[in-house]
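This report goes through selected residues and elements of one model. The sequence and the structure come first.

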Amino acid sequence: QPSETIKNVLKNLGIEPENLGVSTGGDFFASGEEITSYSPVDGVAIARIRTASMENYQEVMEKAREAFLEFRMMPAPKRGELVRQFGLKLRQKKQDLGTLVSYEMGKSLQEGLGEVQEMIDICDFAVGLSRQLHGFTMHSERPLHRMYEQYHPLGVVGIISAFNFPVAVWSWNTALAWICGNVTVWKPSEKVGLCALACQRIIQEVLSENNMPEGISSVLVAGHEVGAALVEDPRCALLSFTGSTRVGREVGMKVAGRFGKSILELGGNNAIIISNQADIDMAIIGAVFGAVGTCGQRCTSTRRLIIHQDVYDQVIERLVKAYGQLKIGDPLDESNHVGPLIDTDAVAQYTKAIEACKAQGGEFIVEGGVLSGEKYSSGCYVKPCIAKVENHMEIVQHETFAPILYVMKYSELSEAIAMHNDVPQGLSSAIMTQNLREAELFLSHKGSDCGIANVNIGTSGAEIGGAFGGEKETGGGRESGSDVWKYYMRRQTNTINYSPELPLAQGIKFDL
Ligand code: NAD
């Protein structure tokens, strides 16, 4: 049984012991299998969810398509008004939703609340943007002609999200998709289905208070078969996929095969270069938070430290000391630094990676291990660990979604940058240095090859105002701020002739 506090949170968010996992905006329904959501915090069965069947999926897609025909004609600032109201409701529900995120996913309460804050921030961003969906005007080469470009809505935007950001990633996509005139169909990770149901209830309130038709925002709690159907469905104009590179590779190829659009936000293998000219205090905080925050389950978690030989021993000594002080336990208790992994499968992956690292020659300077005892009864708590490695080792080239930090040494910055870039992924990166030349080199064309490159900030976490995403096996997609909204619209170039002639472009003559 969940605690009284959690029961209250569930009640406030409309979560029952038994839930139906599908909605297009009206009553919830579902006729697929039933699943149970367990908390990695204490192993308690939080609630049950009946998932979507394939018939439910078809129903949702039809509703979405119909709603799009109406929604696309609503002026963008009016759609922005819906998003503004959504942001207001999120402010009221922040504590409850943040607590549910923490309890169902296992991240710290601070981070759970932080996720809801990101939702609020992207709403604010999208409201302003709803009056700024600008295109250019160009000067035509032909007399008495006008040329300009405009952006139109795409249609149904499918969102498939990962377990580690149960609410924020959906909101990054939806807030932009809606102001751009699209309708959204969300297939969240089945590991965090309750968070999705809570979000859907909040947006449904807004949509029904504004007498909007069903189908603008839909949710389908379901397994990967429904996700796969969305990927293959030509009615899904844009598919935004957040998850592992393994699944994302297949998703990307399938969507491209039907000439659909996709945004791929896949795995990272993020590194911090710690220069001999770094502020070491800052470097340690950035590295430790980056590696152990969210128990190493952020796509931007710090996986590798590339440390200058002159400060290597000092950094290692301080890291070992810092790891010795980490408190592991209930993430809802703010005095703990590290919570659990998502489930026991993730624990098995962590253990396997440690074994592989040892077999490949890694030397652990902070040992890992699975924790047991009453405080750790869910079986999902592990010790963050650190290994000395070589960058080329197979295990180091892979993303293990757990708090395992790899450390390595360099002597020249060019060598450090080469090591940094020598992995298949390209999401987030950082250099810790107080030397302007080093910082600028790291950000230059021959510096970091990642989508995110920071100076004197760790790899993890990002503000919604910038474009978020990465290169290479991270998928190349961008979400959130900057001009990312353009991904959610189709671009059209228009030429209008207001002369009495029909001059052809490039001066071509075609006399009849
Ligand atoms: P996952 O790939 O196992 O699952 C992601 C989603 O895909 C889930 O909703 C799942 O049900 C669905 N899915 C699984 N198989 C599918 C299929 N064949 N077709 C369609 N959908 C399918 O990932 P996860 O374990 O939930 O999340 C962790 C991964 O996500 C990590 O690799 C992490 O780096 C990545 N991630 C990336 C970002 C980013 O912005 N780059 C953000 C968060 C997480």
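## Strand β1 and Leu20

Leu20 is placed in strand β1, which spans residues 18–20. The model is a predicted one, and the values below are computed from it. Leu20 has 20 C-beta neighbours inside 10 Å and is therefore classed as buried; the cut-off for that class is 20 or more.

Leaving aside residues up to four places away in sequence, Leu20 touches Phe28, Phe29, Ala30 and Arg50. Gly248 is 228 residues from Leu20 along the chain, and the C-alpha atoms of the two are separated by 28 Å.

## The annotated domain

An unreviewed UniProt entry lists residues 32–493 as "domain: Aldehyde dehydrogenase".

Glu265 is part of strand β11, residues 261–265. Glu265 counts as buried because 29 C-beta neighbours lie inside 10 Å. Apart from residues up to four places away in sequence, the contacts of Glu265 are Phe241, Thr242, Gly469, Gly475, Gly477 and Glu479.

Glu265 is also one of the closest residues to the ligand, together with Ala162, Gly227, Gly243 and Cys299. In total, 28 residues surround the ligand. Two elements give two or more residues to this shell: α7 (224–232) and α8 (245–257). The largest share, four residues, is from α7. By residue class, the shell holds 12 nonpolar, 11 polar and five charged residues.

## Strand β13 and its partners

Strand β13 covers residues 302–308, and seven of its seven residues are buried, which makes the strand mostly covered. Its pairing with strand β12 (residues 270–274) is parallel and is made over five bridges. Within that pairing, Asn270 stands opposite Thr302 of β13. Between β12 and β13 the chain passes through helix α9 (residues 280–292), giving a right-handed β-α-β crossover.

Strand β16 (residues 404–410) also runs parallel to β13, and five bridges join the two. Here Leu305 has Val407 in β16 as its bridge partner.

Lys472 is a residue other than glycine with a positive phi, near 50°. Lys472 belongs to strand β21, residues 471–472. Its 18 C-beta neighbours inside 10 Å are why Lys472 counts as partly exposed, since the class lies between 12 or fewer for exposed and 20 or more for buried.

Ser482, likewise not a glycine, has a positive phi near 50°. Ser482 sits in the loop between β22 (479–480) and β23 (489–497). With 13 C-beta neighbours inside 10 Å, Ser482 is counted as partly exposed.

Definitions and conventions: Residues numbered from 1 in each chain as written. Predicted model: local features only at pLDDT ≥ 70, side-chain atom pairs only at ≥ 80, totals over all residues. Contact = placed C-beta atoms within 7 Å. Near = placed C-beta within 6 Å. Nonpolar A, V, L, I, M, F, W, Y, C, P; charged D, E, K, R; others polar. Pairing = 2+ DSSP bridges. Right-handed = clockwise from strand over helix to strand, strands pointing away. UniProt positions renumbered as here; feature names shortened; annotations may be inferred.
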